[in-house]
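Let us read one model together, feature by feature.

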Amino acid sequence: MSETEALETHLQELRRGTVVLACLRLLRQPGYGYGLLEDLQGRGFDTDANTLYPLLRRLEKQGHLTSEWNTDEARPRKFYRTSPAGQRLAAALANDFRAIAAAIDALPQED
């Protein structure tokens with residue numbers, strides 16, 4: 001494995017958990033999958049539909065998201081929203097993320 005490939009693999013692992021937190025925060029306002037995907041990418045969370053849609057279904061099954069179908073337009077869309085349990089999870093994840101970032105900042109750095 002090349003150094004570039006190794007870096008990409010590790011970056012993907014590092015970002016995986018941040019996408020959960022980003023989704024929970026962004027979906028405090030109702031949103032649908034494709035719009036959320038664009039919003040995530042525009043904010044620097046590199047993810048794709050094959051990752052996002054299973055994540056949304058899993059978070060809904062766990063009770064962290066609620067959903068409803070909007071059939072007002074020609075193409076029905078499933079809108080997701082963060083549930084109260086999801087808001088509590090997002091707060092806990094954000095607190096832990098800040099603690100981890102502070103711990104990393106306190107580690108010795110390369111010169």
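This is a predicted model: local features need pLDDT of at least 70, side-chain atom pairs count only at pLDDT 80 or more; totals for chains, interfaces and linings use all residues.

Q: What makes a strand, and what makes two strands a pair?

A: Strands (E, at least two residues) and helices (H or I, at least four) are DSSP runs, numbered from the N terminus. Two strands pair if DSSP finds at least two bridges between them. Here β2 (residues 65–70) and β3 are joined by six bridges and run antiparallel.

Q: How many residues does the hairpin from β2 to β3 pass through?

A: Six residues.

Q: Which strand is joined to β3 by two bridges?

A: Strand β1 (residues 31–32), and the two run antiparallel. Take Tyr32: its bridge partner in β3 is Phe79.

Q: Now the charges. How many salt bridges are there?

A: The general idea is a side-chain nitrogen of Lys or Arg within 4 Å of a carboxyl oxygen of Asp or Glu. By this rule, the count is three.

Q: Which salt bridge links distant parts of the chain?

A: The side chains of Glu60 and Lys78 meet at 3.3 Å, N to O. Glu60 lies in helix α3 (residues 49–61) and Lys78 in strand β3 (residues 77–82), 18 residues apart.

Q: Are Glu60 and Lys78 buried, exposed or partly exposed?

A: The scale is relative accessible area: buried is under 20%, exposed over 50%, partly exposed in between (1.4 Å probe, protein chains only). Glu60 comes out at 23%, so Glu60 is partly exposed. Lys78, with 23%, is partly exposed too.

Q: What is the N to O distance between Arg43 and Asp39?

A: It is 2.8 Å, and their side chains form a salt bridge. Arg43 has a relative accessible area of 53%, so Arg43 is exposed. Asp39 has 30%, so Asp39 is partly exposed.

Q: Which residue forms a salt bridge with Arg77?

A: Glu73, with the closest N and O atoms 3.9 Å apart. Arg77 counts as partly exposed because its relative accessibility is 28%. Glu73 is partly exposed as well, at 44%.

Conventions: Residues are numbered from 1 along each chain as its sequence is written. Side-chain values use heavy atoms; hydrogens and water are left out.
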